[in-house]
Amino acid sequence: MSGILVDSPAARPRFRQPCAEDLAVATPSVTTDHTNQDVLEVFALHRDLACLPVTEQGRPIGLINRSIFLSQMSKPYHRELYNRKSCIAFMDKEPLVVDAEMGIDALTFRTVEYGEKALADGFIVARGGQYIGLGQGLQLMRVVADMQAERNRQIMQSIDYASTIQRAMLRTSRDTLAATLPDAALVWEPRDVVGGDFYHFAAFADGWFAALADCTGHGVPGAFMTLIASSLLTQALEQQGPRDAGALLMAVNRGIKQMLGQTDREADQEARRLPGATASDDGLDAAFFWFDNATRALTFAGAKSSLFVLQPGDADGAMVNGARMGVGYVDTGMDYTWQNATVPTQPGTLVFVTTDGLIDQIGGPKEIAFGKRRMREAICARRDGSAAEIGDAVLAAHRAWQGAQRRRDDLTFFCFRAQ
């Protein structure tokens, strides 16, 4: 038994990020000069030792699995045949050997690529080619789980803070809306902590401007798009004023296409064919409208968005459709023109606009979309109520329809009743 090495724990350098050395457990090892009888004695002394590394001049060359070894040695005449032979007879000659400084992420990928054997038997950790310890697959999985939990915690903290920023960005519009329109309702419910829908409301001496938009994606990517689109809209309002809704859509369209490089369809398609290509095709669906206090006319321009207008005495109401072209996408021309539609209103006229998160939600017994018809029915059923009551009725109908289905998208809608 002389010469069998037991690596004593030594002071190890501390790393900011966990690495393979952090998982290296000091275990006995044998050399090629040791016999199978020596291995039997090691396993007898260390009953919790599942695998025994084999080294040659300090360099790991194999791994002896306890169960496999004892099974072989228990066969008839195997002890007589193999007791005095070198321990390499029953060792795994191709164990997973990793450098002590290998990061946990790289070690995990390497272990999975190596197969179940590395997860069951463990892996040998070496520094400068010299054996320092043995790592266990189960311990690696525990460390990975802990790291992932910590990463998720940090990510959620960041997303929660991003939500605070996004809500602060929208707060001015919500406060202005509340101060300007006495009978209005605004619902903004991101599917995740942050969302890809946004709204904008601004009051002026002669009227007010409102916008409702659904940007590409939801969650964090969608929230980034809302920041881009909202800042471009704010800039366009400062430069052009609020009265031409179609022109404002054009300005936002140009801004997105220039900012994201979505200016040439053919070039963009060619870029997508390149290895590792990340060419974007992002934009938004939107409803922009200007209300003139003097004429009581609502000027509307929509990009894949519609208005539902319910006039006093009208039984069913009417949809005012926007253009079937989104804002900022590769397929949308740089100079595409959105036409304005003029909607007359009178005291009691109800106007409702929503993103597609409301109408596209799957639910009901047949698992189909909520749709515009059910939206209109919910509105008309409470037509004499306040905008807030109508909004609550639409939400209640939507949630009942959704049932146990997963929320598909962000949900935002705005309704107001003309005074």
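Author: On a 1 Å grid over the protein atoms alone, a cavity is a set of points where a 1.4 Å probe fits but cannot get out, and lining residues have an atom within 4 Å of a point. Grid points are joined across faces, edges and corners, and a volume is the space filled by probe spheres set on the points. This is a predicted model, in which local features need pLDDT of at least 70, side-chain atom pairs count only at pLDDT 80 or more, and totals for chains, interfaces and linings use all residues. Residues are numbered from 1 along each chain as its sequence is written, and side-chain values use heavy atoms, with hydrogens and water left out.

Reader: What is the volume of the largest cavity?
Author: The whole structure was searched for cavities of 30 Å³ or more, and two were found. For the largest cavity, the volume is about 50 Å³.

Reader: Which strands each supply at least two residues of the lining of the largest cavity?
Author: The lining includes Y199, H200, F201, A210, A211 and L212. Strands here are DSSP runs (E, at least two residues), and helices are likewise DSSP runs (H or I, at least four), numbered from the N terminus. The strands that each give at least two lining residues are strand 9 (197-204) and strand 10 (207-215).

Reader: Which helix gives the largest share of the lining of the second largest cavity?
Author: The second largest cavity holds about 30 Å³ of space. Among its lining residues are L63, D92, K117, A118 and D121. The largest share, three residues, comes from helix 6 (residues 116-121).

Technical notes
On a 1 Å grid over the protein atoms alone, a cavity is a set of points where a 1.4 Å probe fits but cannot get out, and a pocket is an open set with protein on both sides within 12 Å along at least five of seven lines; lining residues have an atom within 4 Å of a point.
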